[in-house]
Amino acid sequence: METEDISKAEDTAEDPGSENEGQPDLSHEGQCQGPTALWEMLERKFLEYQQLAYRYPAERQKSLLSLLPLFLKAWEHSVGIIYFPSLQKLAEDVSNQLAQEIHKALVGKPAEQARAAAGQLLRWKGAGEQDGYLLLKSVFLLTGTDSETLGRVAESGLPALLLQCLYLFFVFPLEKEELLENDVQVQRMFVQLLINICSESQGLENLLSGNELQSLVMATTCLREHSCCFWKEPTFCVLRAISKAQDLSVIRYLQATDCVKMSLQNLSKLADSLPAPEVSEAVNLILGFVKDSYPESSALLLEFENGEGYPLLLKVLLRYDGLTQSQVDTQLEELVGMVMWLTTCGQSELKVFDSVTYPQLEGFKFHHEASGVTIKNLQAFQVLQNVFHKASDSILCTKVLLAIKTMWDWNARNFFLLEWTLQPISQFVEMMPLKPAQVQIHFFQLLEALVFELHYVPHEILGKVQRLIKDSPEPLCTLVALQSVLRIAGADPLFTDIFRDSGLLGLLLAQLRKRAKILRKSGNKESIPGVQDPERELTCVMLKTVVILLKGSVRNAVVLKDHGMVPFIKIFLDDESYRGASLSILEQLSVINAEEYMSIIVGALCSSTHGELQLKLDLLKSLLRILETPKGRAAFRVSSGFNGLLSLLSDLEGSLQEPPLQTWGAVSPSQALDLVLHTLCAMSAALHLDPVNRDFFKRNGLFEKLAEDLCLLGCFGVLGEEEAPQQSWEDTKARPFADLLSVAFSSASPFPSKIQSCLQILRFLDGMAVGTLHLCLDLMETPGARQEAAVDAQKGEASSDPHGNLEQWPELEERVDEGGGVIMHPGVLCIMVRLLPRLYHGDHPQLSVYSDPVYGHGDQH
């Protein structure tokens, strides 16, 4: 019975006024008086009753029963404060009377008739005969007072009779018995009365005086098919209360009656035929006796072990294999918890030799001392281990893994005790392809806990994971395993050496070579949104793992190069899913051969088509990262990088005119400007603080070539194309170029999109001239705007906002100004001067005056 039910029983029983109509009326003399007066009246009547000692028993019994309504009334009004000197004597007489009534109801009757008679005796019967109910309720209240009163109840022999009644109620249900609310109240009082008796040693001894407890325990483990469901939970509740009493007399009784041994035999016969939760509940009950007695004596544990308890546990746990989640209840949780407790039972600590394999992570320390709860019983743990071996159910296997993790949490030493003896985790690795996906995920989380929580590198286990990745026939299992390895590899730089020396890096490179060849033959197949493709995901994780293993490791980069992987990595650039990781790999290779990296990137930029806009942007972003180093800038120059970027700009011819050329019909102005920006940023980065590159750019006339390519974008006009009206601006004060840009890109800007495109390019050149363009790139990029632009392009719609995300370009005073306001590249300023006269729009003819130095660039700086 649940605890809340017991509480309800106490509340209901202590309030006789809460009963149904028919409660016997008290005399007018007892009404409308306070509790003290009621107790005094009860004391007088009780003294009168005692004077009947030599009268006939029937008369004495009748007199006692007549006192009970007054006792209940006084109790109700006292709120637990009792003014009754003869309380123990009353308890003795009432409990003796109830014992006599129960004995009379049971004696000489077959079990079914005895059960019916006991039920009738204790049941509330309204205005009719209800002596048994009044006796039960009075004894129940009296057992809740003090230990001395409880001892008087125990001496009456009532506890054994109540236990006999409980056995009858549980084993012999009445046919078509109608349950009333009063029956529930009687049951609660009955159960709580027995629980109260269990709390007192004398009462407990009286419960053990006969074979009633043995019969009741056997009944629960026989799991009779027709046992009374109404009395099942109360029966288990009482037995658990007896178990928790932790009395040596209980242990001796169970030993003498072979309760544990016979219960295990019964359960072994029924374990295959009855529902798993029912068998588990009975096993949990027996294990409860074993667990509660263990602090006092290990005798019942020994009986459990000798009675084939561990094979029974394995059998019962495997009954849950294959059950749907709705069929699994709290009994499984409790049973697994019991097995976990059994693993801690033992007389001495397990002894294992230090078998730690090095190198290990910084912060790892193997503790030899046994602090916290440690595993002492390997036989019990083997139950969980064998369950995982044999089960295929996701819930059951997951509970085993969670149990193991809990044991590690008790004491980190438990991992080593188990792994260096039974090797559960090493064995589990080999079973992963046969387990459900959720189990695989939980298992590899367990593996990662060794690294992230224990700071331990399990070399042998990782070796088995590596073989799993190589040989597993299940792509999804391989994917989960490799994802775990990826997270582990990123935990510490030490793993770059560990996974190279173990052969994992070579294994991944060999796999990627095969996949690159397949990709080259089959062509680039884009992934379908919403459709899982394990092979594609696996390739992505392989590439990401290689990236992690190359990071900061020149030796690993050399291994990749020695494997001849560069041509195969280039193949992955064409697929957007693989591109990010592939570029990261090539960037790592630039550490040992920057010229090779530059030739690959520049070549890919020049060979990309008009439709591969995202590829161009990704290549330029990668290029920008490498141009941060002097070695990268020198390699860029040697690899014809400047010519490659100018070629990229040249290919954009007509992309910004209105309407754009047919070639660029699917590309919005904001996308084209984004590509121009990244191209100019790459140039700015290549020229930044590099006098050799600046001299090269100037000597080869590349400033002029850059100006020509920008003029061909389509937003700038042709000199002499329009006749602008000549106006005199002699009295007009010159203003900085930044003022014009501020007006042009305000929310109320009157300028058409074509003019705004021109001003965007002039703004880029402005930043390039002072050497800050590539340094401010992150400040102006907003991923959301880029996604919107990409969606517009897919729809074939021209963007209504041609400068798009480029509006975020910072104001002059917010820019990074490493040049201290000094023009770093005068050639770029010349390009601006060359482009200003081409800034013209029919609706704004006055813009042609920018050839006149009213807006002075010098004022800006």
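Author: Helix α2 passes helix α3 in a left-handed crossing. That term means that the near helix is turned anticlockwise from the far one by less than a right angle, and right-handed means clockwise. The model is predicted, so local features need pLDDT of at least 70, side-chain atom pairs count only at pLDDT 80 or more, and totals for chains, interfaces and linings use all residues. Residues are numbered from 1 along each chain as its sequence is written, and side-chain values use heavy atoms, with hydrogens and water left out.

Helices here are DSSP runs of H or I with at least four residues, strands are E runs of at least two, and both are numbered from the N terminus. Helix α2 covers residues 35–50 and helix α3 covers residues 57–78. Their axes come within 9 Å and cross at roughly 165°. Axes are lines fitted to C-alpha atoms, for helices over the stretch in contact, and angles run from 0 to 180 degrees between N-to-C directions. α2 and α3 are therefore roughly antiparallel. The cut-offs are over 145 degrees for roughly antiparallel, under 35 for roughly parallel, 65 to 115 for roughly perpendicular, and oblique for the rest.

Which residues meet in this pair? From α2, they include P35, W39, L42, F46 and Y49. From α3, they include R60, L64, L67, F71, W75 and S78. Contact means heavy atoms within 4.5 Å.

Now a second pair. Helix α36 (residues 669–687) packs with helix α40 (residues 753–769) at an angle of about 15°. Their axes are 10 Å apart. α36 and α40 are therefore roughly parallel, and their crossing is right-handed.

P659 lies in the loop between α35 (641–651) and α36. A cis peptide bond joins E658 to P659, with omega about -10°. L689 sits in the loop between α36 and α37 (691–699). Its phi is positive, near 55°, and L689 is not a glycine. L689 is exposed, with 56% relative accessible area. Exposed means over 50%, buried under 20%, and partly exposed in between, using a 1.4 Å probe and protein chains only. Most residues other than glycine have a negative phi, and most peptide bonds are trans.

P359 is in the loop between α18 and α19 (378–390). Q423, in the loop between α21 (413–419) and α22 (424–431), has a positive phi of about 50°. Q423 is partly exposed at 33% relative accessibility.

One side chain deserves a look. K464 is in helix α24 (residues 459–471). At 15% relative accessibility, K464 counts as buried. Its side chain makes a polar contact with the side chain of E430, at 3.0 Å. K464 also touches S426 and V429.

Finally, the whole chain. There are 44 helices and 2 strands. Buried residues make up 53% of the 861 residues. Of the contacts with a separation of 6 or more, 81% are between residues 24 or more positions apart.

Notes. Polar contact = N/O pair within 3.5 Å; in protein donor to acceptor, adjacent residues only side chain to side chain. Lists of a residue's contacts leave out its neighbours within four places in sequence.
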